[in-house]
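Open the model in your viewer and keep the selection panel at hand.

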Amino acid sequence: SPISVLDLFAAALSRRPIWLGYSTKIKKITEEALAQTGADSLRERKLGELSGGELQRVLLALSLSPLPDLLLLDEPITGIDPHGVDLFYKMVSELRQKHHIAILMVSHDCGVAAKYSDKMVFLNQRVIAQGAPNDVLKNDEVIHSFGNQLPEDR
């Protein structure tokens, strides 16, 4: 049968085969991590039953176990509906502030990236611009490259 969210955590965090059951420690770690991303109700759900947003919250929770110093996110909003995108970035921003985690994110959505980032680097085969998001979005080469996809209030 397909694996559950708890199976995923147990497989990633324990050397014990998941068919032998779960330790209390693994269940506790899983519950705490899922609670941080608002996914605590998903512990028993099968991975294949999760929506894109739910799966991203589960994977983010797994990446926080143990808590990293640096979190790398590569196009993390793929498969998430527009409402879920904003919720996901708000959650990541709150986790960053709460745990003082450095986050490096790759995204083609300049508007959302600017909204939730402290610093931006705009790459197009080389570094075109870097610095505060508003400064990067005002760069002539960035505007030429992304023009109509940039937020209006830059």
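Buried here means under 20% relative accessible area, calculated with a 1.4 Å probe on protein chains only. The model is predicted.

Select Phe88 and Tyr89. Both residues are buried. There are two aromatic pairs in the structure. Phe88 with Tyr89 is one of them: the pair is edge-to-face, with 75 degrees between the planes and 5.9 Å centre to centre.

How far apart are the ring centres of Tyr89 and Tyr116? The centres lie 5.7 Å apart, and the planes are at 20 degrees, so this pair is stacked; the cut-off for stacked is under 30 degrees. Colour helix H4 (residues 82–99) and helix H5 (residues 110–116): Tyr89 sits in H4 and Tyr116 in H5, 27 residues apart, and their pair links distant parts of the chain. Tyr116 is buried, as is Tyr89. With Phe88, Tyr89 and Tyr116 selected together, you see a cluster linked by ring pairs.

Next, go to strand E1 (residues 70–74). Which residues of E1 make up its covered face? They are Leu71 and Leu73, whereas Leu70, Leu72 and Asp74 make up the uncovered face.

E1 and E2 run parallel and are joined by five bridges.

Finally, show E1, H4 and E2 together. These elements make a β-α-β unit, and the unit is right-handed. H4, the helix of this unit, is also the helix that holds Tyr89 of the stacked pair.

Key
Residues are numbered from 1 along each chain as its sequence is written. This is a predicted model: local features need pLDDT of at least 70, side-chain atom pairs count only at pLDDT 80 or more; totals for chains, interfaces and linings use all residues. Side-chain values use heavy atoms; hydrogens and water are left out. Rings of Phe, Tyr and Trp (its six-membered ring) pair if their centres lie within 6.5 Å; planes under 30 degrees apart count as stacked, over 60 as edge-to-face and the rest as tilted. Buried means under 20% relative accessible area, exposed over 50%, partly exposed in between (1.4 Å probe, protein chains only). Helices (H or I, at least four residues) and strands (E, at least two) are DSSP runs, numbered from the N terminus. Two strands pair if DSSP finds at least two bridges between them. A crossover is right-handed if, with the strands pointing away from the viewer, the path from the first strand over the helix to the second runs clockwise.
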